[in-house]
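Please look over the sequence and the model shown here.

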Amino acid sequence: MAEQREMKEKNPWHSAVVILITVLGITAIVALVTTAVLQNKPLLQKYKYGIVLDAGSSHTAVYIYEWPAEKENDTGRVHQKHICKVLGPGISSYSHSPELAGESLRTCMKQAERFVPIRRHRETPLYLGATAGMRLLSMENQNVCDQVLGSVEKVLRSTPFSYQGARIISGQEEGAFGWITINYLDDRLKQGSGTTGALDLGGASTQITFATNQEGMGESAENTVTFRLYGNDYILYTHSFLCYGKDQALKKTLAQQAQVGNSSVLDPCFNEGYSVDRNYSSVYSSPCIMAGKPLETGYSFTHIGKGDASQCQQAIRRIFTNPGCNFSRCSFNGVYQPPIQGPFGAFSAFYFVMNFLNLTSDSLEGTREKMERYCSTPWHQIKQQHPGVKEKYLAEYCFSGNYILSLLTDGYKFTSETWSTITFIKKISGSDAGWTLGYMLNLTNMIPAEAPDSPPLPHAGYVTLLLFISLVIFVIFLFSVKSLWPRCTTQTQII
Ligand SMILES: O=P(O)(O)OP(=O)(O)OP(=O)(O)OC[C@H]1O[C@@H](n2cnc3c(O)ncnc32)[C@H](O)[C@@H]1O
């Protein structure tokens with residue numbers, strides 16, 4: 001007591017100083033916590049948009065992509081906001097009235113105006129890429145092809161978006177951008193981990209693309225694409241087989257069977273009981289069909305189903321030509337292909353067909369068995385079992401399933417072992433697998449060649465660490481000024 005009194009007398013301010021330090025300390029902590037909380041509060045997110053039209057052989061689809069305005073170079077951040085499927089056939093089917101090709105896009109473009117906020121319209125890039133249908137039309141008639149492109153250009157220019165062009169993309173681009181899309185959506189590019197090959201089956205062409213080591217790639221420059229993405233180098237093998245999409249392959253198989261010139265064609269690729277009259281011209285008019293319509297036949301023939309999967313595969317095998325391989329190894333038609341390196345993602349018609357046939361997770365042998373069973377089911381029973389399915393697709397599933405089997409095994413040389421490396425996919429993280437996203441990412445430079453420098457700590461981690469260190473300093477400070485505190489003793493003093 002005497003000591004304390006003595007201390008107080010020596011330093012009458014000491015209790016006021018301690019109170020002041022404590023108040024300042026508490027105020028500092030409250031200020032720090034408030035700053036940390038406010039700093040971590042998510043900002044009101046602003047988005048940017050991009051629109052890509054996939055003008056395919058069978059139809060056109062309008063894809064609207066959205067991404068946070070702040071982090072354009074961050075992988076996995078662009079996602080599909082909306083897809084609008086244009087009514088009617090693909091733009092290449094408007095060769096007889098090209099002006100209608102553009103008109104067919106109007107409804108979906110109006111929808112796009114509603115999905116993209118008005119304040120973003122002017123800055124939203126708009127691209128149209130046409131694929132195999134237009135490649136074929138340009139081979140048939142360049143003038144009409146230009147008119148169709150002119151017609152879609154006119155309509156797209158009239159929209160409020162930033163029109164960037166309508167062009168026919170090459171098969172190589174279609175394959176490579178499909179590969180970029182699935183690997184971007186899987187977040188594999190930024191991680192620099194192993195990549196997934198891309199198998200795309202369209203209506204008029206099919207693409208196979210996968211990363212491979214450099215060995216042997218010098219053999220065929222036209223099948224090689226190189227990319228540097230996020231600081232990693234990729235050498236891709238890619239090939240697009242024009243005329244080997246699902247619809248053109250069907251025509252090829254049928255044309256070959258109809259060559260005999262009989263009034264009816266008994267087709268193992270269609271279910272028994274199926275019977276439809278077809279014009280020869282509908283089969284032989286495609287530039288994919290080299291042979292002409294058989295001479296001395298009528299105007300049409302009856303297409304009759306026989307429902308035999310093994311015979312169907314034999315018929316399909318005949319559309320893969322074998323002119324000899326001038327490389328160390330080939331897939332089909334004398335096209336170079338290095339050993340396949342999986343895993344693979346198979347999309348578009350690969351998915352539509354295998355999903356319908358419930359074959360997305362079967363072994364190769366299981367797939368063959370199920371195809372035998374499906375094809376031998378009578379047509380009337382198939383129709384009864386699937387009342388809601390579009391009849392054209394339903395009639396073609398026996399052919400389509402067998403075509404996929406044949407393309408993957410006889411064509412690309414997948415085996416029972418490598419079959420399991422294929423995953424049939426439609427979407428990844430809500431965005432469709434296909435070339436459109438990769439195309440837009442490339443044209444908007446959204447995937448940098450080098451990995452962007454990132455701060456050693458994420459923002460939240462940085463604020464938390466700062467807070468923690470401040471608290472530790474404050475506690476140490478309190479302990480160091482402890483000697484100034486008035487000592488309270490609980491011992492009763494006996495005087
Ligand atoms: O790339 P290209 O060759 O130009 O063709 P595309 O862009 O028109 O091709 P899609 O991927 O849109 O479709 C591929 C094929 O799948 C068909 N298809 C679409 N939906 C289907 C479904 O539910 N069942 C079966 N086939 C389907 C469509 O008619 C095409 O023949």
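Predicted model: local features only at pLDDT ≥ 70, side-chain atom pairs only at ≥ 80, totals over all residues.

## An exposed glutamine

Gln-384 counts as exposed because it has 9 C-beta neighbours inside 10 Å. The cut-offs are these: buried means 20 or more other C-beta atoms within 10 Å of the residue's own, exposed means 12 or fewer, and partly exposed lies in between, with C-beta atoms placed from the backbone. Gln-384 sits in helix α14 (residues 379-385). Helices (H or I, at least four residues) and strands (E, at least two) are DSSP runs, numbered from the N terminus.

Residues are numbered from 1 along each chain as its sequence is written.

## Overall build

The protein has 18 helices and 16 strands. It has 495 residues, and 37% of them count as buried. Among its contacts with a separation of 6 or more, 77% join residues 24 or more positions apart. A contact here means two C-beta atoms, placed from the backbone, within 7 Å.

The domain assignment gives domain 1 (2-41 + 457-484), domain 2 (43-168) and domain 3 (246-424). Such bounds come from an automatic or database assignment. The C-alpha centres of domain 2 and domain 3 are 31 Å apart.

Two strands pair if DSSP finds at least two bridges between them. Strand β2 (residues 60-68) and β3 run antiparallel, joined by six bridges. Ala-61 has Lys-85 in β3 as its bridge partner. Axes are lines fitted to C-alpha atoms, for helices over the stretch in contact, and angles run from 0 to 180 degrees between N-to-C directions.

Helix α5 has these buried residues: Ala-132, Gly-133, Met-134, Arg-135, Leu-136 and Leu-137. Their cover includes β1 (47-55), β4 (125-130), α6 (142-157) and β5 (162-168), along with β7 (205-211) and β9 (232-242).

## The three-stranded sheet

A second open sheet orders its three strands β10-β12-β11, again with mixed pairing. β10 (264-267) and β11 (275-279) stand at the edges with a single partner strand each, so one side of each has no neighbour in the sheet. Neighbouring strands are turned by 25° against each other on average, direction ignored. β10 pairs with strand β12 (residues 300-305) in the parallel sense, over four bridges. Val-265 stands opposite His-303 in β12.

## Around the ligand

Which residues come nearest to the ligand? Of the 21 around it, they are Gly-56, Ser-58, Gly-202, Gly-203 and Ser-348. Elements giving two or more residues to this shell are α5 (132-140), α9 (246-258) and α12 (349-356).

The largest share, four residues, comes from α12. Domain 2 and domain 3 each supply at least three residues to the shell. By class, the shell has seven nonpolar, twelve polar and two charged residues. Ala, Val, Leu, Ile, Met, Phe, Trp, Tyr, Cys and Pro count as nonpolar, Asp, Glu, Lys and Arg as charged, and the others, Gly among them, as polar.

Definitions and conventions
Near = placed C-beta within 6 Å.
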